[in-house]
Amino acid sequence: MTTLLKMENIQRHYDTPAGVVKALDGVTIEINEGERVILLGPSGSGKTTLLNCFSALDSPTGGDYTFMGSDVPRNHSEKMTSFRRENIGYVFQFFNLLQDLSVLENILLIQELAGNKDPKRAKELLKLVGLEAEVDRFPGEISGGQQQRVAIARSIAKRPTLLLGDELTGNLDTETSQKVMTALVKACEQENITSIFVTHDEGLVKYATRVIRIDSGKIISDEAVNSN
Amino acid sequence: MSQTDNSTSNVGSIFKRSLLNKRLARSLWRTKLRLFAVIFMVSVGVFAGITFGGYSHNLEGMYDTMHGDDEEGANLADLWIDNRSSIWSAEQVSSFCQSLNDSWDNSVTGELDSCEGRTVIQGALFHNDSNGEQIINSLWHGIPADANSDRVWMPSGHSEGRVASAANEIVIDAHVSDALDLSIGDDITIGAGTESMEFQLVGIGYHPLHILMAPEGSLFPPEAGQYVVGYLSDSGMARLTGNELGSSNTILLDIEGTPSFDLPDTEEYEGEEIDLVKSLVDDSLNQSDLDARVRDRGQNEAVEVMRQDLEGAKRATIPFTVMIAAIASITIVLSLQRLVQSQAKEIAVLRTLGVPRLSLMQGYLIAPLVIGAVGCFIGILIGPWGMNGMLDFYQDIVGVPITERTIPIATYSSVILPTMIVVFLSGAFPAWKASRLEPLDVLSGQNQIRIGSNILRKLTSWMPTTLGLSIRSSVRKPIRLGMTFLAVGISLMLFGSIQMMSAGLEDTLISGLEEDQSWDAQVYVTPDGEDAVLEWASNNSAESELLIEMPLGNVEDSDGIERMFTLVGLNDFDDGMRKVNVIDGKAPSESNGIPEVMMDEGAIEFLGWNIGDRQTVSLNGDEQEVLVVGISRGEIARTMYFLRAELSDLTGVNATSVYLQLPDGVEVDTELGEVSAGIIERQVLLDGINVLLEQQTQVFQAIMYLGLLFTIAVMLNTMIMNVAERDFELATLRVLGASTKRLGSMLLFESLLIGTIGGIVGVLFAYGGAVGLAASFSSWQFYVPIVIVPSVAFQLMSGVIIIAIAMTPIGIWRLRKMDLVEKVKDLSQ
């Protein structure tokens, strides 16, 4: 399998009045193309910080991070934004759809920002997540689960290499969570997108191909699983 | 419950409320810039109100003192009866006054205090200075030593010397003594259409008919020293004119008290009391076989213009204060509402903990009151300074001393009360909104959910999505946007309306005089005195043109009110030295029957006349039917144009003045001055108008720039709120990979959109304000045409757009400053 990203001895330390906080303390990890990774850990374990470093939202204070063989930019806002625009898809816990845009337009906006507006593909993606009937509705007019599926369609609309999600089912009930995850797996497989999701819901492990457990800023286990 | 429990509970309640209010105060303090901006706006509103209120109060006091019938005052007459084309003998005047006295009855309010004759004539002052001899257009009054009304006003500390009593003595108006460097004891040379004579200067004072130093028929004072008014004794006037002592061309009536007269700027008719006097005067004029024009205070331009100036200052107090307070109020509403929105979770928690709605409301109601109180306090402190500045400015431009300066309590209360009410009301809506927040909705995020507009979606669906999003984001808060536009509109009403009105006035007046008139000097002549001027012109190779110009027209309007106007007779309206700007119809041409006339647009509007109308007017006392054939623009005074030959036939006057075009090297000289009854040079007139317009603009300039400042503050407030509210949306887009450049372009487009709409609204408000201002300034005496000068509209619009665009860097700065890791945490909570 081809390596998509590689982190070596990644550190993310914060200086606080109470002393140095080591959010990530020497994380080394390789993610291969096509994997569906779930990051599990208790609150404050460093999993969100690691996700932020994957997406170049945050810059590690130490260690090396390469993506498809190239160094990932750090401490340069515009280069980091450009990296995200070209490579990363992101799904938030609270969907964060733009309320003034319709379901379809939320997807078109991301395509437009990436410079490849394609209404046909946007509609296909909505069909893929089972929302072809909702294209002209506003986010406020559909359910939370539907909104999250729109967010997934939006995140893969620009064909990212890596899809990231932070507690993306944390705001949904179990049944809706399963629908969302099913849609997500289907989309990632169809689009051949590698994905990494942060959660503390053990029930989502069944959708992953690999589970990494993290605590106190360190990886404590990393194991492959057989997903359905 | 025991009494102790009750008191503990009350203390607890007060303590709880004071903590809540402290919480709000701290929140407000976090937005110090906005807080200070609002306090500044309130204080400016109060400052403006006290400045205008105090100004008009003291101005009124000055007029009362000047017009007073006591030792300090000059006792302004109640009725002026005059005929400038002939002189009445002392016997004729005496006979008229006797007849009037005999007919005076109890139906008239007040006793007839005096009926006295005067001579008031145009002339020239021959003045020598470093540039050689100047012939200055002048007006001479002959005032008997024992005169009762229209005396010279000699306020102590602001005048010098005494009134003229001997035949060789003169008092010169204080407006010109400094400009001409005259002092008591100087010998000065004057003329009045005959030979020149020397008089000794014995006093420097003022006159109630010459507060505004403008020649009769004009509202524009020439530059200081270019128009002189002097007050001779009656024997001095007899010496100057060669007429017998006691002969007059004006009779003044002074009635005990002041009979009410019609105020031309009101819709009501207030002239019943003076009308009774006028009817007795008409009877006595008929009995004495005299032709004359009869004017009350409302019809005497020199008096009425100043009264309207005072009224204008009085009227401006409340609207200016309320307008500025309204802008402050809108800013307070928007700011508090934003505060409520940003504190929604905090409020929800407090409500969950059991804090009652009323306790929450209280703080939001108190906040504007505190802001208002601080603003009012600052306004009160600086108000007197503004008033004194305005009074000093009035003294400088009008040249009359304001002897007493006080601000009555009533002025303070009339400004502070409406300000505090407006400011208090601005807290009511945010307070109500805060108290209505439902804890469950807020804590579950339900209050954040909103559904976009389908209409907007359809309207913008064809656009690129980012553009559509920009438009939808801009109009997401229509009430806030509407209120912002309202505040911008009011601000620009302050700024733009004055600018628009001034530009319109300048455009019509200056361009008319500069471009349409080609004479160099207008030489006034005594009846049949034009030949000497024509001879001078011929000897000096100057082109000449006769004209008639006299303020002796009279017409009854649809309300039955007598309106005076100026009669102008010209030889040629197209190729003469004075071209007239005909805006509708045509210029008068020779007629076989009814004389054709053209009237200025102001008169046409006030009288409700149309082209083609046949109307009956009074010309120098004689009834005459005329045919209206055209409408002109460019006159401040109401004017009726005739062909000179026809007007001459109707009035028996061949010419009242002569226009001269002077060849290079030829200037107005003593010889011309001696044969004239006054000379006005066109350049002097133009300079005077320019100076006056500049001064008028300066009066309002402070208000104009405040309007601009308010526009900036209001736009800044809204744009910052818009960007701050969109942190969530912009952070999402940034996380999803939108570049700062791309988002900056979106913000720029939004600014451009809001700026353009704001600019259009501003121009509309400014135009509305200009129409309103013009309507409030316009009266029969002073008509202000509203001429849209496109450059002013473009300037206003560009101003607002530039202000809006200038806010974009603030948005971009926020974007760059945004901590995406923190934002993502927020987005995940």
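These legends describe close-up views of a predicted model.

**View 1. Chain B as a whole.**
Chain B has 829 residues, and 47% of them count as buried. It holds 24 helices and 20 strands. Take the contacts in chain B between residues at least 6 apart in sequence: 83% of these join residues at least 24 apart.

**View 2. Where chain B touches chain A.**
On the chain B side, 29 residues are in contact with 31 residues of chain A. Four elements of chain B each give two or more residues to this side: α13, α20 (727-735), α21 and α24 (820-827). Helix α13(B) gives the most, with 6 residues. By class, the chain B side divides into 11 nonpolar, 10 polar and 8 charged residues.

Helix α13(B) spans residues 465-474. Its buried residues are Thr465(B), Gly468(B), Leu469(B), Ser470(B), Arg472(B) and Ser473(B).

**View 3. Helices α3 and α4 of chain A.**
The crossing is right-handed. From α3(A), the contact uses Val103(A), Leu104(A), Ile107(A), Leu108(A) and Gln111(A). From α4(A), it uses Pro119(A), Ala122(A), Lys123(A), Leu125(A) and Leu126(A). By class, there are 8 nonpolar, 1 polar and 1 charged residues in this contact.

**View 4. Helices α5 and α6 of chain A.**
Helix α5(A) covers residues 144-156, and helix α6(A) covers residues 174-191. Their axes come within 9 Å and cross at roughly 15°. The two helices are therefore roughly parallel to each other. Helix α5(A) passes α6(A) in a right-handed crossing. On the α5(A) side, the contact involves Gly144(A), Gly145(A), Gln148(A), Arg149(A), Ile152(A) and Ile156(A). Facing them in α6(A) are Thr176(A), Lys179(A), Val180(A), Ala183(A), Leu184(A), Ala187(A) and Glu191(A). These contact residues divide into 6 nonpolar, 4 polar and 3 charged.

**View 5. A sheet in chain A, with a helix on it.**
Four strands of chain A form an open sheet in the order β2-β1-β4-β5, with antiparallel pairing. The edge strands are β2 (19-32) and β5 (70-71) of chain A, each pairing on one side only. Helix α1 (residues 47-55) of chain A packs on the sheet. It touches β1 (3-16), β2 and β4 of chain A. The direction of α1(A) makes about 60° with that of β2(A).

**View 6. The pairing of β4 and β5 in chain A.**
Strand β4(A), residues 62-67, runs antiparallel to β5(A). The two are joined by 2 bridges. Within β5(A), Ser70(A) is the bridge partner of Phe67(A).

**View 7. Lys79 of chain A.**
Lys79(A) lies in helix α2 (residues 77-87) of chain A. Lys79(A) and Ala56(A) are 23 residues apart in sequence. Their C-alpha atoms are 9.2 Å apart in space.

Terms used. Residues numbered from 1 in each chain as written. Chains lettered and ligands numbered in written order. Predicted model: local features only at pLDDT ≥ 70, side-chain atom pairs only at ≥ 80, totals over all residues. Buried ≥ 20, exposed ≤ 12 C-beta atoms within 10 Å, placed from the backbone. Contact = placed C-beta atoms within 7 Å. Pairing = 2+ DSSP bridges. Axes fitted to C-alpha atoms, helices over the stretch in contact; angles between N-to-C directions. Parallel < 35°, antiparallel > 145°, perpendicular 65-115°, else oblique. Left-handed = near helix turned anticlockwise from the far one by under 90°. Nonpolar A, V, L, I, M, F, W, Y, C, P; charged D, E, K, R; others polar.
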